[in-house]
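Me: I want to learn how to read a two-chain model. Can we go through it feature by feature?

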Amino acid sequence: MDFQGIHDHLRAIEAPGLVRADEPRLPNPEDKKDKGRSGDAYVVVEAAQLASFLRVCRDDERLAFEILADLTAADPAKDAEEFWVIVQLLSVQHRHRLAIKALVPKASARIPSATGVYRAAQWHERECAEMFGIEFVGHPDPRNILLPDDWEGYPLRKDYVFPTEYRGISCQ
Amino acid sequence: MATEHKPSITFHPEPRQLPGGEREYMMDVRTGDLEVNMGPQHPATHGVMKILIRTDGEMVTAAQPHLGFLHRCAEKIGENVEWLQYLPYTDRYDYLSSMNNNLGYSMAVEKLLGVEIPRRAEMIRTICAELNRIASALVAFGTYGLDLGAFTPFLYAFREREWLLQIFEKACGARLTYSYLRIGGLFNDVPPGWLEEVAHFCDVFEEKWQEYYDLLMVNHIFVKRTADIGVITKEQALDFGLTGPMLRGSGVDFDLRRDLPYMLYGEAHDAGAWKVVVGRGEKGTLGDCWDRIYVRVAEMMQSVGIVRWCLANIEEGPVLGDIAKTLKVPEGEAYVGIENPRGELGHYAVSDGGKVAVRCRVRGPSFCNLAILEDIMPGTLLGDAVAIIGSTDVVIGETDR
């Protein structure tokens, strides 16, 4: 199925937490400030419902997303109110993909863990947690994965300040 | 009070009588949990990675990979350099398949830009990506033999790999970190005579490939060490998000090049130039170490098929699309997953319309494939640990990025 078909089907089965679809659009010639958006289409999902939404995507026969290809986050800007958590699903059976975005407020960055649905999420969520400081509620093993255990701060946040030294090693 | 010294191995005082009249001395070996650090410097981890293994005698009861020794902040660097300046960093995550990494990143940015790639550039890109896949599979095959104690295949594999590296050197001047495929096409056209040399390589390689197969893949000792070892079921493979040869080794018929085609792979497949190789459990259980290495070895010949098809269909023309010197990428976000030699390499790029990315995410296939070790290693023998780790074919540059 193409994106439109997947979105219509998600609407039809009333997938939990589905908010809206965001599709790329061309620039508006009348409004010079509106430069459009390029790239992929994605669906926006309520953060609190992300795990249940993924379960539906995996178990529904016409969607059948067996593989969680990627789970990551992004900090769109320093003054943004929310982080994005982005999930890329892949269906081997139907050969289609779906991008999912959930908005997590920076003030209380918490989101239910998807490890109960896809075990592939386990390492991605650990990486996400240490890089952005997002808490994945219900994660079975929430240790740092790439960074040292005593690393301070969340490096991929836009307001991250680079350290000058780490354990006596100069980082300048 | 002196503590009593207990030896860990004791002999039974009385030998046991066997039916034939022989006597057998029994050794009472007491076992207990022992935690062993395999790595960070261990030849079988193919880089700096540590696997904490808990053993009970010869049995592995738990395994936990520890990563991050080679973490170089690639994603953070991507948010601090211009789009084109980031290209050389892509070389360095899976340094055995730099051409494919360049391609994945370029395709993600091109998707945001919406530019057309000239057909000649696509052809040469496909040739380079596939030759690089062969070079990468040769390392996987050679070092896997080395892990299991077979030294000769490694030397054979590196002989052909050396030729491939020279071919790459002629095209772009680098042997390992190419930065040759760039956003919009290629940095330069290939030199005269290059395509003929590639064709010659394909002819020679076809003969050599049979040698590899006979030398290692059907070798009795090798089969004994890999068949029925480290079995990954189809369900496990999907649940852990395995991709590439790891997924196909478990019997899942899926290849991004055919099923979500990009560049010219779909066209080449329709023309019958190649087909997807899937593990069949030929020497043991479906999804064992043998199947995974078989997929990698058999895919080399499919890559030769793709290269030959490209050579037959290549046309003259430009190799770089309409691309500005300083790239300004329109606002938006794109995810592009391509079939790397190790699985799906995903690039997720976010732009706010500026010269620098807002987010430059890399989904490394080795990272995802490695996670399954925690699940398949418990219950195996310690001696098989190297066979299982080797069969995942990780490149640490990519797990840590």
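Me: Which residue follows helix 15 of chain B, and is its phi positive or negative?

Reply: A note before the answer: this is a predicted model. The residue is Asp393(B), and its phi is positive, near 55°.

Me: Is helix 15 of chain B itself enclosed or open, and why?

Reply: Count its buried residues. Helix 15 of chain B covers residues 382–392, and nine of these eleven residues are buried, so the helix is largely enclosed by the rest of the structure.

Me: Which residues of helix 15 of chain B are buried?

Reply: The run goes Asp384(B), Ala385(B), Val386(B), Ala387(B), Ile388(B), Ile389(B), Gly390(B), Ser391(B) and Thr392(B).

Me: Now the interface. How do I state its size?

Reply: The size of an interface is often given as the accessible area lost when the parts come together. Here the area buried between chain B and chain A is about 3,800 Å². Carbon and sulfur atoms give 54% of that area.

Me: How many residues does each chain bring to the contact?

Reply: Chain A brings 49 residues and chain B brings 47 residues.

Me: How many salt bridges link chain B and chain A?

Reply: The count is ten. One of the pairs is Lys158(A) with Glu79(B), whose side chains meet at 3.1 Å, N to O. Polar contacts are a separate count: 22 residue pairs between chain B and chain A, both residues at pLDDT 80 or more.

Me: Which element gives the most to the side of chain B that touches chain A?

Reply: Strand 12 of chain B, residues 332–340, with five residues. By class, that side of chain B has 21 nonpolar, 17 charged and nine polar residues.

Me: How does strand 12 of chain B pair with strand 2 of chain A, parallel or antiparallel?

Reply: Look at the direction of the two strands. They run parallel, joined by two bridges. Strand 2 of chain A is residues 38–39. Within it, Ser38(A) has Gly332(B) as its bridge partner in strand 12 of chain B.

Me: How many helices and strands does chain A have, and in what order do they run?

Reply: Chain A has three helices and ten strands. From the N terminus on, the order is α-β-β-β-α-β-β-β-β-α-β-β-β.

Me: What share of contacts in chain A joins residues 24 or more positions apart?

Reply: Among contacts with a separation of 6 or more, the share is 53%.

Conventions: Residues are numbered from 1 along each chain as its sequence is written. Chains are lettered from A and ligands numbered from 1 in the order in which they are written. This is a predicted model: local features need pLDDT of at least 70, side-chain atom pairs count only at pLDDT 80 or more; totals for chains, interfaces and linings use all residues. Side-chain values use heavy atoms; hydrogens and water are left out. Contact means heavy atoms within 4.5 Å. Buried area is the accessible area (1.4 Å probe) that two parts lose on being put together, summed over both. A salt bridge is a side-chain nitrogen of Lys or Arg within 4 Å of a carboxyl oxygen of Asp or Glu. A polar contact is a pair of N or O atoms within 3.5 Å; within protein, one must be able to donate a hydrogen and the other to accept it, and residues adjacent in sequence count only if both atoms are side-chain atoms. Helices (H or I, at least four residues) and strands (E, at least two) are DSSP runs, numbered from the N terminus. Ala, Val, Leu, Ile, Met, Phe, Trp, Tyr, Cys and Pro count as nonpolar, Asp, Glu, Lys and Arg as charged, and the others, Gly among them, as polar. Two strands pair if DSSP finds at least two bridges between them. Buried means under 20% relative accessible area, exposed over 50%, partly exposed in between (1.4 Å probe, protein chains only).
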